[in-house]
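Please work through each task with the structure in view before reading its solution.

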Amino acid sequence: MDLRGRAPITCGFTRPIGFTEEAQSQDRRNTHYAEPAPAPSRSRLDRLKLALIGAGVRRPRPLAALATLAALALAAPGTASAATNPGYNLTAHQAIEIARTDPKVLVEQAKWGHLTPSATTKDTTWQVGFYTGDRELVLVVVDDATGAITESWTGYQVAWQMARGYPGAFGRKINAPYVWLPLCALFACGLWDWRRWRRLAHLDLAMLLAFGVSHYFFNRADIGVSVPLVYPVLVYLLARMAWIGFRGRGEGLRPSLPTGWLALGVIFLLSFRIGLDVTDSNVIDVGYSGVIGADRAIHGKPMYGEGAFPADNASGDTYGPANYYAYVPFELAWPWSGTWDDLPAAHAAAIAFDLMAVAGLFLLGRRIRPGPAGARLGVILAYAWAAYPYTAFALESNSNDTLVAVLVIGALLLITSPAARGAMAALAALTKFAPLALAPLLAVGVRDESPAEPGSPAWRRFVSVDWRAIGIFTAALAVVGALLLVGPAIDPGLGTFWQRTITYQANRSSPFSIWGQTNLGWLHTTVEVLTVALALAVAFVPRRRDLRQVAALAATVLIATELCADHWFYLYIPWFFPLVAVALAAEPGRVAQRATEDELVREAGAPVGAAAAA
């Protein structure tokens, strides 16, 4: 399938003005095709007659048809410009009269009284909105060629295209059951311990796949069900990561499959994902924003400001500058055409980010454990990423969310260097701003033991950290952050940058969270306060922690941050998924060593007991 020539689909933290129905709603109010006053009163039968004429249905009695056309002409607005649109079969008034017959319009009209209609053209359709005051209650889409009503929407779905369940709008074929379900099976079966299947880690795998229940209802345009179903899964994962992070306990994943088979699985899955991206994927507004921002950076134009981005992605400047700079190499290789076409630079960037995440996880496994055990752990982590449906979902949507995961993985790889992890934290925070919540945790990093003197008061041991390392981390964070902000500071200025990014995201509302669908302001504030407290507390607690615990604590903080978000989407799962994978797969100490020895002996073909006897 090919989306060229179709209306773009919007998602993520950006809702481009002009291509979201929210913006088009205002366009319909301002257009000269709007009815200046309520139409003359007529019966429902009369409206149905007009609808039949608009649909091209011929009546068997010519006189009746002529009479109906005459009535339509008399009821039309006085000027020709208000009634016709060159190149379209229907007039605005005919489209409005057809739209009036939709049951949803009749229901809302019975509830609210007279609704003011307004119509605009879009591609080969008429978009007819019905208002009470400034509020659009119903949107009806009328096909210009046939006069048939093809869509009608109320509630959240009037303003949000992504709430309408358009097939393939995000990820295209990845949503097909014959693709999605095999990926789920490969993910679970490849990481399953078939000798001991009653393990908590297996429930963790099931919960990581449980987002699919919510996703099913999202694809059916039922966000009243899909949105609440996300939160039990997020809360469960937060609790599990907090347990591992603070307690450092729990058996991890122990896949029964040999390392060689898992490695072959990684190669097959990566080939499949890349092939699907090249042949059957679309670039949503998030990837489009990266390409536009990179193009502006290359040509020395400001990346932020009103009118900086084209009308079909006018709010695409809502991300940090690191996001746009990351797309520069791909934009240089495949320059932007100036339109929302196939965007090969966005495809190349998404594929590169995906491969970097797999490579980073493999290297992280080798860093956590030495020798063959580290190689096996690295392959397990790489397989988990390659088989997980939601990392594939991000790739097939060609979004920038995998870049966040890459930078977080990089911070863990460089955990022993305060300056390096500070630089990675700055890059992540100025790509999408949520990773800034990890700064206190990464500032301290791994803690082998408390530097406080033995016998010192408990409070001193509690807050005792390596302040020199924290200073180096902070300096690196500030320097790299300042370098990234030089361009925006010069043009158009930090004030505009702040307004176009932080202010925009903080002030917008969205039905894609329980906070946007309910009146739970007090609970929202409570969760936000607890999240800030958690982000600060993990800098000091626990006093001893290894890299696995740091990953678990980082996942805890990111999941808590997502719980606070006014807008949540499935593309945000890859932000914390690699951290969860590390926390589940990298078992601590002697447990991991014993488990790995048994696995390696089994792969060599010797009985497990032989290793113990040796």
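**Exercise 1: The sheet**

In β4, Val138 has Thr154 as its bridge partner. The model is a predicted one, in which local features need pLDDT of at least 70 and side-chain atom pairs count only at pLDDT 80 or more, while totals for chains, interfaces and linings use all residues. Residues are numbered from 1 along each chain as its sequence is written, and side-chain values use heavy atoms, with hydrogens and water left out.

Task. Determine in which order the four strands form the open sheet, and whether the pairing is parallel or antiparallel.

Solution. 

Step 1. Strands (E, at least two residues) and helices (H or I, at least four residues) are DSSP runs, numbered from the N terminus. Two strands pair if DSSP finds at least two bridges between them.

Step 2. β1 and β2 (residues 125-132) are joined by seven bridges and run antiparallel. Ser118 is partnered by Gly129 of β2, and Thr120 stands opposite Gln127 in β2.

Step 3. β2 and β3 are antiparallel and joined by eight bridges. Thr125 has Asp143 of β3 as its bridge partner, and Gly129 stands opposite Leu139 in β3.

Step 4. Between β3 and β4 there are five bridges, again with an antiparallel course.

Step 5. The order of the open sheet is therefore β1-β2-β3-β4, with antiparallel pairing. Its edge strands, each pairing on one side only, are β1 (116-122) and β4 (149-154).

**Exercise 2: The hairpins**

Task. For each hairpin, state how many residues lie between the strands and which residue takes a positive phi.

Solution. 

Step 1. The hairpin of β1 and β2 has two residues between the strands, and Asp123 takes a positive phi near 55°.

Step 2. In the hairpin of β2 and β3, two residues lie between the strands, and the positive phi, near 65°, belongs to Gly133.

Step 3. Five residues separate β3 from β4 in their hairpin, where Gly147 in the turn has a positive phi of about 75°.

**Exercise 3: A helix pair**

Task. Describe at what angle α11 and α16 pack, and which residues meet.

Solution. 

Step 1. Helix α11 (residues 259-279) and helix α16 (residues 371-387) pack at about 30°, with their axes 9 Å apart.

Step 2. From α11, the residues in contact include Leu262, Val266 and Leu269; those from α16 include Val379, Tyr383 and Trp385.

**Exercise 4: The cores**

Task. State how many residues the largest nonpolar core has, and which of them have the most contacts inside it.

Solution. 

Step 1. A nonpolar core is a set of buried Ala, Val, Leu, Ile, Met, Phe, Trp, Tyr and Cys residues joined through side-chain atoms within 4.5 Å.

Step 2. The largest nonpolar core has 152 residues, with Phe187 and Phe211 having the most contacts inside it. Helix α27 (residues 547-564) contributes the largest share of this core, 13 residues.

Step 3. A second, separate core has 16 residues, including Ile96, Ala119, Val128 and Val138.

Conventions:
Axes are lines fitted to C-alpha atoms, for helices over the stretch in contact, and angles run from 0 to 180 degrees between N-to-C directions. Contact means heavy atoms within 4.5 Å. Buried means under 20% relative accessible area, exposed over 50%, partly exposed in between (1.4 Å probe, protein chains only).
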